Amino acid sequence: MTNDGVDVRTAAAEFNRTAVADTESAAEDERKQVLSQFPLEEWPELPLERYALGQAAPPGSAPTYCRLLEFLTPSLGSIRGGSAAKHIMYHHNSGEWRLAAPLRGMDPQDAWAELRGQFVRAFDTVGAGDFEALDDLEVLRYGPTLVTKSLATYFPQHFLPIYAAEHLRTFVRLLGGEAQAGVPASRTNRQLRELVRTRDEFEGWTGQEVMRFLYKHFNPRQRTIWKIAPGERGRLWEECRDGGFVRVGWDELGDLGQYQSDTELKQALDAHWPRSSGGSLTLARRLLAFRDLEAGDRVVANRGMDEVLATGRVDGSYRYDPDRPEFHHVVPVAWDLSHAQKLSKPQHGWRSTFAKVDPSLFARFTAHNAGSGSDSVPGTGQVQAGAPVALPEDVQVVLDALERKGQVILHGPPGTGKTRLALGAALALDGRAGVLGGDADVRQRAEAQAEMLHGDRIRMVTFHPSYGYEDFVEGFKPDLSATGPGLTLALTDGLFHDLCSRAAAHPDQTFLLVIDEINRGDLPRIFGELITLLELDKRNLPVALPVSKRRFSVPPNVRVIGTMNTADRSISHLDAAVRRRFAFLPVGPDPDAVSGTVGPLDLAAFFESLNTRIARHLDADHQIGHAYLLRDGEPIATEEDLAAAFHYEVIPLLEDYCLGRADLLHRILGGLVDAETGRALFMPPQDLADALATEFTSGVPGPDA
């Protein structure tokens, strides 16, 4: 098996096992610490106070079991990231106990007795070699990473130090196994261990060596590069640089580990920083992304919009440090100062604390010092010089869904880039991923798309009400080449029939059909009997076509991507047979795409606030997409472009949504609607930015880049 062209056997032969020795020694010391503080024989009587997170610990007291495993034993393997819900029960800072679903409604002590009993049974069954009995411990399924790390700590001879279920399944597939969904992570861990034992290249390897090797060469995690400002205008930079970390504010939120979702964190933000727009879901998501940074992730420290202070590699896990006077949220980082520089042009999205960094941009401003230790593009395992850029995360998600299901529908409000994403996935499948990075401009991407669609493997069509089976599969149509009197009809292959014929002739290549506006067609009529053949387990199954009586099948190397505008029609209106055969991927408004400023207006904050109101008074399907605020792929930057987009694109769309209801339009646009006429105000470009900032972004915490 390979990943990005790297063969497992070759990579294993080149892996420096001796470099793991120090980590292996540290891991054994940590394991002894766990066994000393929480010996197996004491588990039947272990009190809740010694297990759970979130309790006030007396000064000098030993850490709880959950704190020890999550925060203080990194060499044993990480279970960091996500919320404290991974511990099955914990004490929330609101004063209540948060319990996993099977325990809800129970008294905390009773819930702990049940949870503790299942831990004890798990330890007993593993000690007796009865691994299948682990499947029956229902409560433990709600903490798969904690449970699997616990088993690997107490029984390292039976488990590998790899705990995330999705990572385990990825590694199982990598080594030629068939990963099973819906089984406990501990079972998949055992499956991976057995696969490792059957391969000669891993003979004599320890669990630590296997774990470090797999994550080094085949890390399944999609890595986003984040720009993080160390305080306003970089005022905390010297402290962050010397201390080997990066810190951010919003201290009133407390430990970010207590929040299970972006919505819960958004509610906390609203409580501490009330906004006229109803809060910042985007900020909540960025804070959770900061919390969930993992060792090896790349970050950039900046000052302002055009200065890189350093690049860094995360080398630890998030912690909440209330002993500091400010900026309590901390992530350890090993900084590389050799990449400090002034950029040739401002990055308008860098005005806020957090911003995503395109891998191509990161490669450009790290390329000047190839010997700095930052010689690879994150997420690719490839050297920068001549290396392919890692696929954008959204494109990779589409490709993964196509591999899993065969067909995908990208759905969302207008202007969210559904067609652009579909064509991006098509470019990747066609071997043209280079134009998806930041180095390619709009013209280069358009040329690559045109060239691709003139080839033999990718086809694109737009469905409409009159599109039918005869256009898609086969039918009799006028023969324009026929001579003589009267109309001559000829059997003609439709678009999909033609694509499938070519795919059958080239089984080693992937063929793709992109269907734009798929919900505008009558799908049961267009697909006919072929809807059954789309399922991957029905590929190559022949049927007799009703018109020609010819035998026909859909080859396994055909994929379909559809796009669907949910403002026109929701998913629920699609035929059930169609819905079952497609994976549905939401493509929502992306405030990161419009990060920038126009005069006093924070464009992303305005965009999010407007959509918050639309979702509240209409629904989420009628939000506006970020494309309305882009010009040539970049956020609009002038008052004139803002006025043109708002008056001539956004306002007409909202008026159409509101169906002439002036009260509804007023609830969405507030003071920008004339109270007497019910019409949206028209104002000069130089005044509009100020009016939008006043109406939509007042009360928003200021940027601190």
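# Close-up views of a predicted model

**View 1. Five strands line up in an open sheet.** The strand order is β16-β19-β22-β15-β23, and the pairing is parallel. Two strands count as paired here if DSSP finds at least two bridges between them. Helices (H or I, at least four residues) and strands (E, at least two) are DSSP runs, numbered from the N terminus. At the edges stand β16 (458–462) and β23 (583–586), each with a single partner strand, so one side of each has no neighbour in the sheet. From one strand to the next, the twist averages 20°. In general, strands of a sheet pair through backbone hydrogen bonds, either parallel or antiparallel.

A word on the model: it is predicted, so local features need pLDDT of at least 70 and side-chain atom pairs count only at pLDDT 80 or more, while totals for chains, interfaces and linings use all residues. Residues are numbered from 1 along each chain as its sequence is written, and side-chain values use heavy atoms, leaving out hydrogens and water.

View 2. Strand β15 (residues 407–412) runs parallel to β23, and four bridges join them. Look for H411: its bridge partner in β23 is P586. Helix α14 (residues 418–429) packs on the sheet and touches β15, β16, β19 (511–516) and β22 (558–565). The direction of α14 makes about 165° with that of β22. Angles run from 0 to 180 degrees between N-to-C directions, and axes are lines fitted to C-alpha atoms, for helices over the stretch in contact.

**View 3. Helices α13 and α14 cross.** The axes of α13 (residues 393–405) and α14 come within 9 Å and cross at roughly 70°. That is why α13 and α14 count as roughly perpendicular to each other. The cut-offs are under 35 degrees for roughly parallel, over 145 for roughly antiparallel, 65 to 115 for roughly perpendicular, and oblique for the rest. D394, V395, V398, L399 and L402 of α13 make the contact with L421, G424, A425, A428 and L429 of α14; contact means heavy atoms within 4.5 Å. Sorted by class, this contact has eight nonpolar, one polar and one charged residues. Ala, Val, Leu, Ile, Met, Phe, Trp, Tyr, Cys and Pro count as nonpolar, Asp, Glu, Lys and Arg as charged, and the others, Gly among them, as polar.

**View 4. Helices α2 and α8 pack at an angle.** Here α2 (residues 21–37) and α8 (residues 207–218) have axes 10 Å apart and an angle of about 125°. That makes α2 oblique to α8. On the α2 side, T23, E24 and A27 make the contact, and on the α8 side, Q208, E209 and R212. This contact of α2 with α8 has one nonpolar, two polar and three charged residues.

**View 5. T153 sits in helix α5.** T153 is found in α5 (residues 144–154). At 1% relative accessibility, T153 counts as buried. Buried means under 20% relative accessible area, exposed over 50%, and partly exposed in between (1.4 Å probe, protein chains only). Leaving aside neighbours within four places in sequence, T153 is in contact with R31, V34, L35 and L76.

**View 6. W250 has a positive phi.** Most residues other than glycine have a negative phi. The phi of W250, though, is near 60°. W250 is found in the loop between β6 (245–248) and α10 (262–272), and is buried, with a relative accessible area of 14%.
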